There are 2 protein chains.
Amino acid sequence: MNVVSTVDPRTGGRRPTDLIETDDSRLAEIADQASRAARWLSDLGRLGRAGLLDAIADALEARRGRLIGAADPETGLGRPRLDQELTRAAAQFRMFRDVLRDGGYVEAAIDHATDTPLGRGPDVRRMLVPLGPVAVFGASNFPFAFSVAGGDTAAALAAGCPVVVKAHPSHPLTSHASAGAIGAAVRDLGGPDGVIEIVYGQQAGLALVRHPAIRGAALTGSIGAARAIQAAIDERPDPIPFYGELSSVNPLVVLPAAAAGRGDQIAEGLFASFTGSGGQLCTKPGLAFVPADPGGDRLVEALRGRVASAGGAVLLNQNVRDAFLARAAAIERAGAHVSARAQVPSGDGFTVAPTLVETSLPGLPAELTEECFGPLLVVVRYHEVAELDAALPAVPPSLTASVHTGPGEETAEVSRLVELLGARSGRVVFDGYPTGVRVSWAQHHGGPWPSTNTVHTSVGATAIRRFLRPLAWQDAPAWILPEELRDEFTDIPRRVDGRFEPAVQPVRH
Amino acid sequence: MNVVSTVDPRTGGRRPTDLIETDDSRLAEIADQASRAARWLSDLGRLGRAGLLDAIADALEARRGRLIGAADPETGLGRPRLDQELTRAAAQFRMFRDVLRDGGYVEAAIDHATDTPLGRGPDVRRMLVPLGPVAVFGASNFPFAFSVAGGDTAAALAAGCPVVVKAHPSHPLTSHASAGAIGAAVRDLGGPDGVIEIVYGQQAGLALVRHPAIRGAALTGSIGAARAIQAAIDERPDPIPFYGELSSVNPLVVLPAAAAGRGDQIAEGLFASFTGSGGQLCTKPGLAFVPADPGGDRLVEALRGRVASAGGAVLLNQNVRDAFLARAAAIERAGAHVSARAQVPSGDGFTVAPTLVETSLPGLPAELTEECFGPLLVVVRYHEVAELDAALPAVPPSLTASVHTGPGEETAEVSRLVELLGARSGRVVFDGYPTGVRVSWAQHHGGPWPSTNTVHTSVGATAIRRFLRPLAWQDAPAWILPEELRDEFTDIPRRVDGRFEPAVQPVRH
C-alpha cells in the first residue's frame with residue numbers, strides 16, 4: 001500500500017496523508033459501483049439531476065471554509081483566489097443545472113414517417129444519451145474548478161455519467177474533501193456510492209481508462225499526460241472518446257494605436273493577466289506582440305517596472321517549478337533578453353521570480369513560442385503590422401488569441417489579422433485579456449492542436465456534449481420512447497420534421 | 001506513373017483507365033488549390049453554399065445516365081439500385097441545402113456582458129466555423145451516396161470545407177465522373193479548382209491525411225483502413241479529427257409473439273435486408289435471434305427456402321469476395337450449420353452464394369458475431385428471452401439493433417431488452433429492418449466502437465458538425481463579427497443569454 005503524501009509548495013515540506021494509492025481490487029469495486037450508479041442517475045431524470053447539481057453547488061459553498069482550508073496549503077494559490085475559484089465551481093454546477101432544465105442539450109429531433117424520393121421513410125427520433133461512467137483527470141492549477149468539483153465533473157453528472165476522478169497529486173486532501181461534499185449531496189438525495197469516486201496514483205489513472213466500465217475520459221493537463229492516457233486507451237479492444245485540454249501560449253497583439261493611446265493601461269492589464277495565479281493558467285498570455293515605436297516603448301517600460309517590483313510567485317509543485325526554470329533558461333538561450341525579473345529571496349519552497357523577456361521581429365525561434373507555464377511573458381517587438389502575417393502562423397494554435405486596437409483601426413488589415421488569430425485559436429479576445437474565463441452558455445474553451453486534442457470545449461454549456469452520444473429510435477412505439485421524444489412532450493426545444501420548435505413553457509433562468 | 005485500372009466484378013476482367021495514381025507533386029498542387037478554395041467557399045456564405053449544393057444535386061441528376069453507366073460495370077450493383085442511390089445522393093445535397101438555409105447548425109450563441117458571481121462577465125459569442133480542407137475516403141459499397149458525391153462531401157461542402165476525396169479503387173471512373181459533375185456546378189457559380197478534388201492510390205490517401213493543409217478526415221470503410229489512416233495522422237505534429245464508420249453486425253431480435261404472428265413476413269423482410277445489394281451494406285442484419293419454438297421454426301424454414309432458391313450475388317471486388325469466403329468458412333468452423341445456400345454457377349467474376357447458417361444458444365462463439373460483409377445471415381435460436389440478456393452483450397456494438405415484437409409484448413422484459421440494444425448501438429429499429437437508412441434531420445448513423453471510432457454520425461443533419469469547430473469572440477466590435485452573431489440578426493435560431501430564440505422568419509422546407 002503506497003501512502004499518498006501532500007506537499008506544501010510554500011515550503012516544499014512533504015507529509016503523509018491517510019489516503020492510499022488505489023490498487024486494482026479497489027478500482028474494480030469503484031468501477032462496479034459507478035456502473036450501478038449510472039442507473040440511479042438515469043432514473044433521476046433530467047430535472048432530478050438538475051436538483052442534484054443544485055444540491056452539490058450548495059454543499060460546496062456550505063463547506064467553503066473547510067475546502068479552502070485544505071486547498072491553500074496544498075496549492076499555495078492563496079485564500080482570495082481560492083475563494084473566488086470555489087464560487088466559480090459552484091457556479092459551474094448551477095450553470096449545468098440550468099442547461100438540464102432547459103433541455104435543449106439533448107438535441108431532441110423527430111422526423112415523422114413520410115414519403116421521400118426514396119419511398120416511404122420510417123419515423124426516426126434522435127436524442128443524446130449518457131456515455132456511461134467516465135474518467136476525469138483533475139488539473140493541478142484549479143483545485144476546485146478543474147478538479148474533483150470541477151466543470152468536467154459537473155458536465156458529466158449533468159449528462160448522467162458517474163464520474164471517477166483521478167486526483168491530481170498536488171492536492172489529494174482537497175480532492176478528498178471535494179468528493180466528500182459531492183458525495184454528501186448525493187446521499188442526501190438517497191443516491192448510492194459510485195456517483196463520484198476518486199482514484200489516487202498515476203498507475204491507477206491509467207488502469208482507470210483501460211477499465212471496460214469506463215466509457216470516456218477528460219483531461220485538463222499536459223501534452224505528455226495526454227499521450228500517456230491515449231496510449232492506455234489504445235490498449236483497449238474498444239477505444240473510448242478522450243477529451244484533452246493541453247497546451248496554449250495565447251498570443252496577444254497590441255496594435256500601434258492601442259499602444260499609443262493606452263499603453264500604461266495595457267501594461268497594467270497584461271501584467272495582472274500573466275502573473276495572476278502565478279502565471280499558472282491555461283489562458284495565460286505568454287507572447288505579446290508590441291509595436292517598436294514610442295507608444296510600444298512606453299508600454300514595455302511600464303511592464304518592466306511592474307515586473308521588477310513584483311513579489312515572488314509560489315508555483316504549484318516541484319515539477320511545475322522545475323519546468324518553469326527549464327523553459328525560462330531555454331528562452332534565454334534562444335536569444336531573448338531578460339529585461340526584468342522580480343527580486344525573490346531564494347529557498348522558499350517552489351517560489352520563482354516573475355520574468356519579462358524581450359525579442360524582436362523578424363525571426364521568432366520555436367523556443368520562444370512554446371508555452372511556459374508560470375509567470376513569464378515574452379514580448380516581441382514588431383515594426384509593421386504586416387510582419388505579423390508571417391510571425392503569427394509560427395505560433396502554435398492556442399485556446400485564445402487577443403488583440404488590442406485603437407481609434408481608426410477598423411481596417412481591412414485588422415480584419416485580416418483577426419481572421420488569422422481566429423484560424424489558430426478557439427477564442428478571440430478584443431481589447432482585453434484571455435484569463436478569467438467567463439462561465440456561460442456561449443463560452444468556448446478549446447482550440448486546434450495542441451490547445452485541445454479534439455474539437456470540443458471544456459467550459460460553457462456545450463461541454464456537456466463530451467459525455468453524451470446520439471441514439472436514434474426508428475418506428476418505436478410511444479410507450480418505449482424517452483419522454484423527450486414523445487409527440488406530446490413540449491417542455492424542451494426540439495427539431496420536428498426539420499423545423500425548430502421552442503419549448504412551449506420556456507424555463508426562466 | 002502508375003495507371004489506375006478498373007475491374008468488372010461480374011467477370012473479374014481488369015482494364016486500364018486514363019487516370020493515374022496521384023504523386024506528391026500533384027498532391028501538393030491539390031492541397032494548394034483546396035486551401036485557396038476554402039476562401040471562396042467562405043465568401044459564398046451560408047446561403048451561397050446552399051445554392052451550390054442545390055446546383056450539385058441538379059448536376060448529378062442531369063448526368064444520371066452517364067454516372068450510372070460508369071458505376072454499373074465497376075460495381076455490379078445493377079442499374080435499379082444505382083438509380084435509387086443516385087437519387088439518394090442528390091437528396092443528401094438537398095438536405096444539407098436545407099440545413100444551411102435553416103442556419104441552426106452554426107449553433108450561434110450570444111452571452112451579453114453582465115454581472116456574474118465572479119464579477120463583470122465579458123460579452124461572449126460563439127458559433128461553429130469550418131475546419132478547412134478535409135479528406136474523405138470513399139466507400140466501396142456506395143459509389144455515389146458514400147463516395148465522391150456522397151454524404152461526407154455534401155456535409156463538408158455545406159460546412160464550408162473543400163473536399164479531397166481518396167477515390168475507392170473499386171470505382172475510379174465513377175469517382176472521376178462524379179467529381180466532374182460537382183466541379184461543373186462549382187464552375188457554373190464561378191468557383192475555382194480545389195473545391196472538390198480526387199486523389200487515386202493508397203499511398204496518396206495516406207499522404208493526403210499527413211498533409212498540413214488537410215484539417216480533418218472521414219472514412220466509411222474497414223477497421224483496417226481506419227487503423228492505417230489513424231497511424232498516418234499520428235505522424236503529424238498536429239493530429240486532426242478523424243471520423244470513421246467501420247464495422248457492424250447489426251443484431252436483430254425476433255420475439256416469440258412476432259415469430260408466431262408474422263413469421264413469414266419477417267422471413268421475407270429479413271431475406272431482402274440481408275441479401276439486398278449483395279449484403280454489402282453497413283447496416284446489413286448479420287445476426288438474427290429467433291425463438292426455438294414452432295413460430296420460429298416456420299420463420300427459419302421460410303428463410304431457408306428463400307435462400308436456397310436465391311440467385312448469386314456479385315460482390316464489389318476481389319477483396320470483398322475473398323473476405324466473404326474466408327468469413328463464411330470461419331463461421332462454419334466455429335460450429336454453425338449451413339442450412340441453406342443458393343446454387344450459383346462458379347467462375348462468374350466475384351459472384352457468391354447467399355448463405356444461411358444456424359446455431360443456438362447457449363454459447364455464441366466470437367467468430368459468429370463478427371461482421372461478414374456479404375449475403376450471409378447467422379440465425380441464433382434461443383429458448384427464453386432471458387437468455388438474450390447474456391447473449392447480446394457478447395455481440396460487438398453496432399450501428400443498429402432491431403427488435404420485432406408482437407401483441408402483448410409491451411412488457412418490462414422487452415423494455416429491458418430495448419435498453420440493452422440501445423446501450424450497444426446507435427439506432428434501435430422496431431418491427432423493421434436496419435437497411436435503407438432514411439436521410440433526414442433526426443437520423444443517426446454511428447454507434448459505439450467498432451461501429452464508429454468516435455461519437456459522431458455520418459448521416460443526418462448533425463453529420464455537418466464533423467467538419468466544424470467552435471470559435472468564440474469576446475467583446476468583439478460588431479463590425480468584425482460574422483453576421484450570424486450580430487445582435488440585430490434574427491434569420492436563424494440562436495441562443496441568447498441562455499434562452500433559445502427561434503428565427504424570426506423561419507425557413508420553409
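**Exercise 1. Find what the buried residues of α7(B) pack against, and on which side of the helix they lie.**

*Step 1.* Begin with the partners: the buried residues of α7(B) pack against β7 (134-137), α6 (202-210), β10 (217-220) and β11 (242-245) of chain B. Contact here asks that the C-beta atoms of two residues, placed from the backbone, lie within 7 Å. Helices (H or I, at least four residues) and strands (E, at least two) are DSSP runs, numbered from the N terminus.

Before going on, two notes on the model. This is a predicted model, in which local features need pLDDT of at least 70 and side-chain atom pairs count only at pLDDT 80 or more, while totals for chains, interfaces and linings use all residues. Residues are numbered from 1 along each chain as its sequence is written, and chains are lettered from A and ligands numbered from 1 in the order in which they are written.

*Step 2.* Now name the residues: B:Ala226, B:Ile229 and B:Ile233 are the buried ones of α7(B). A residue is buried if 20 or more other C-beta atoms lie within 10 Å of its own, exposed if 12 or fewer, and partly exposed in between, with C-beta atoms placed from the backbone.

*Step 3.* The arc is taken over the directions from the helix axis to the C-beta atoms.

*Step 4.* Turn to the other side of α7(B), where B:Gly224 and B:Ala231 are exposed.

**Exercise 2. Work out how chain A and chain B are related.**

**Exercise 3. Describe the contact between the two chains.**

*Step 1.* Count the residues: 62 come from chain A and 62 from chain B.

*Step 2.* On the side of chain A that touches chain B, β21(A) gives the most, with six residues.

*Step 3.* Finish with the strands: three bridges join β20(A) to β21 (residues 468-474) of chain B, and the two run parallel. Pairing requires that DSSP find at least two bridges between two strands. A:Val429 has B:Gln474 as its bridge partner in β21(B).
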